[in-house]
Amino acid sequence: MTINEAQDAIIEEFEAFDDWLDRYQLICDYGKELQKHPMPEADKTEQNLIDGCQSKVWFTCRMEDGKMMLNGDSDALLVQGIVSMLLSVLSGHTPKEILEAKLYFIDRIGLQEHLSPTRSNGVAAMLKQIRLYALAYANRQ
């Protein structure tokens, strides 16, 4: 599945709900899915902590067959949902694909307008870290 196909699938899922509380619940459901495959505690280090997030958020990345395999977690359920959505859209793609991706699903599902400024900054920090991973891996090739 391409990055845009993954984004479109999330948008389609959210379009089934008009009420923001239902959408909020869907984000939390994504967080519960992330909990089924928890990040190893050994990876929840200061080095993997995303700076700029209100909650604690960790990301790791490894290359596998030329694709970035991302993992992430948070100590807050809503943020776990956001992490889960980012992973479902971006993990398993090449650094080039990630660097060229235009992430539109966040705005299209109405997430940006319903987040506090500190949570919005946190999403931006998560995306920045993923792009930094992609840039670092792209420069190694």
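The model is predicted, so to speak of a local feature requires pLDDT of at least 70 and side-chain atom pairs count only at pLDDT 80 or more, while totals for chains, interfaces and linings use all residues. Residues are numbered from 1 along each chain as its sequence is written, and side-chain values use heavy atoms, with hydrogens and water left out.

**Helix α1**

- Helix α1 covers residues 3-15, which is 13 residues; helices here are DSSP runs of H or I with at least four residues, numbered from the N terminus.
- From first C-alpha to last, α1 reaches 18 Å, close to the 18 Å expected at 1.5 Å a residue, where the expected span is 1.5 Å times one less than the number of residues.
- Ile3, Ala6, Gln7, Ile10, Ile11 and Phe14 are the buried residues of α1; buried means under 20% relative accessible area, exposed over 50% and partly exposed in between, with a 1.4 Å probe and protein chains only.
- Looking down the axis of α1, these buried residues fall within an arc of 135°, so they line one face of the helix; the arc is taken from the directions of the C-beta atoms as seen from the helix axis.
- An α-helix has 3.6 residues a turn, so residues three or four places apart point the same way.
- Glu12 and Glu15 are exposed residues on the face of α1 turned away from its buried side.
- The cover over the buried residues of α1 includes α2 (20-35), α3 (77-90), α4 (95-100) and α5 (105-108); contact means heavy atoms within 4.5 Å.

**α1 against α3**

- The two helices α1 and α3 pack at an angle of about 140°, with their axes 7 Å apart; axes are lines fitted to C-alpha atoms, for helices over the stretch in contact, and angles run from 0 to 180 degrees between N-to-C directions.
- That angle makes α1 oblique to α3, given that under 35 degrees counts as roughly parallel, over 145 as roughly antiparallel, 65 to 115 as roughly perpendicular and the rest as oblique.
- On the α1 side the residues are Ile3, Ala6, Gln7, Ile10 and Phe14, and they meet Met85, Ser88, Val89 and Leu90 in α3.
- This contact of α1 with α3 divides into 7 nonpolar, 2 polar and no charged residues; Ala, Val, Leu, Ile, Met, Phe, Trp, Tyr, Cys and Pro count as nonpolar, Asp, Glu, Lys and Arg as charged, and the others, Gly among them, as polar.

**α2 against α3**

- Helices α2 and α3 pack at about 75°, with axes 7 Å apart, and are therefore roughly perpendicular to each other.
- Among the residues making this contact are Tyr24 and Ile27 of α2 and Leu77 and Leu78 of α3.
- By class, the contact of α2 with α3 has 11 nonpolar, 5 polar and 1 charged residues.

- Glutamine 7, in helix α1, is buried with a relative accessible area of 0%.
- Leaving aside neighbours within four places in sequence, glutamine 7 is in contact with Val89, Lys102, Leu103, Tyr104 and Phe105.
- Phenylalanine 105 sits in helix α5 and counts as buried at 1% relative accessibility.
- With the neighbours within four places in sequence set aside, phenylalanine 105 is in contact with Gln7, Ile10, Ile11, Met85, Leu86 and Val89.
- Tyrosine 137 belongs to helix α7 (residues 117-140) and counts as buried at 15% relative accessibility.
- Tyrosine 137 and methionine 63 are 74 residues apart in sequence, yet 7.9 Å apart in space, C-alpha to C-alpha.
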